[in-house]
Amino acid sequence: MSVAEDMKTRLEAAFRPEQLEIRNDSAKHKGHGGDDGSGESHFHIVIRAESLSSLPRVARHRAVHAALGDLNTRVHAIGLDLG
């Protein structure tokens, strides 16, 4: 399973989002710091979920990172757009 597929599975299970977009930006960072050559090092996530909407911004970020679990250590950078 790719990292993006794993992210999608985990985030859907944790939040049942109304909107979820996961973009692999790794190609933009080829040869830069954090590029491990896997093609799965940099991602941007857009997520909208009712369960996140009532949380303060920092708590939303923490909740998403908690749901991603060990992926946080396998990926160099994750940009979040939580609405």
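1. Buried denotes under 20% relative accessible area, exposed over 50%, and partly exposed the range in between, with a 1.4 Å probe and protein chains only. Helices (H or I, at least four residues) and strands (E, at least two) are DSSP runs, numbered from the N terminus.

2. The model is predicted: local features need pLDDT of at least 70 and side-chain atom pairs count only at pLDDT 80 or more, whereas totals for chains, interfaces and linings use all residues. Residues are numbered from 1 along each chain as its sequence is written, and side-chain values use heavy atoms, with hydrogens and water left out.

3. Gly-69, with a positive phi near 55°, follows H3.

4. Arg-60, Val-64, Ala-67 and Leu-68 are buried in H3. They lie on the same side of H3 because they cover an arc of only 105° around the axis, taken from the directions from the helix axis to the C-beta atoms. The face turned away from this buried side carries the exposed residues Arg-62 and Ala-66.

5. The cover over the buried residues of H3 includes H1, S2, helix H2 (50-53), helix H4 (71-74) and S3. Leaving aside neighbours within four places in sequence, Leu-68 is in contact (heavy atoms within 4.5 Å) with Met-7, Arg-10, Leu-11, Ile-45 and Ile-78.
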